[in-house]
Amino acid sequence: MDIKINNLTWTIREVETRSTELIVNGSQCFGVCKHYTQEILIDETLKPDAKLQVLKHELTHAFIRCCLLDYQEHYTDEDMCEFV
């Protein structure tokens, strides 16, 4: 599935639990937001409610990256208010 955020097309796809794509800094994750390739990856074995929660989390990462003007690692309260 694809979604457009601020004129960027993001691909959302489910991947196998043991996929190396779900490993971040040596830890296995339920979902990953890949900013440079505009991909959101979700563990395919999650139950529907958990999948939705993880998707919302990863979409938030994507929205922050696409909607804040600069791609800084830390955001002020004012930055977050502008985002919301």
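In this predicted model, the helix α1 lies across the strands β1, β2, β5 and β6, and runs at about 165° to β6. These strands form an open sheet of four, in the order β1-β2-β6-β5 and with mixed pairing. Because β1 (2–5) and β5 stand at the edges, each with a single partner strand, one side of each is left without a neighbour in the sheet. From one strand to the next, the twist averages 20°.

The largest nonpolar core has 12 residues, among them I5, W10, I40, L59 and C66. At least two of its residues are supplied by each of β2 (8–15), β6 and α1 (48–67), and α1 gives the largest share, five residues. As a general background, nonpolar side chains tend to be buried together in soluble globular proteins.

The loop between β5 (31–34) and β6 (39–43) holds Q38, whose side chain reaches the backbone oxygen of H35 at 3.1 Å. Apart from its neighbours within four places in sequence, Q38 is in contact with L8, T9, W10 and T11. Although Q38 and L8 are 30 residues apart along the chain, their C-alpha atoms are separated by 7.7 Å.

Notes. Residues are numbered from 1 along each chain as its sequence is written. This is a predicted model: local features need pLDDT of at least 70, side-chain atom pairs count only at pLDDT 80 or more; totals for chains, interfaces and linings use all residues. Side-chain values use heavy atoms; hydrogens and water are left out. Contact means heavy atoms within 4.5 Å. A polar contact is a pair of N or O atoms within 3.5 Å; within protein, one must be able to donate a hydrogen and the other to accept it, and residues adjacent in sequence count only if both atoms are side-chain atoms. A nonpolar core is a set of buried Ala, Val, Leu, Ile, Met, Phe, Trp, Tyr and Cys residues joined through side-chain atoms within 4.5 Å. Buried means under 20% relative accessible area, exposed over 50%, partly exposed in between (1.4 Å probe, protein chains only). Two strands pair if DSSP finds at least two bridges between them. Axes are lines fitted to C-alpha atoms, for helices over the stretch in contact, and angles run from 0 to 180 degrees between N-to-C directions.
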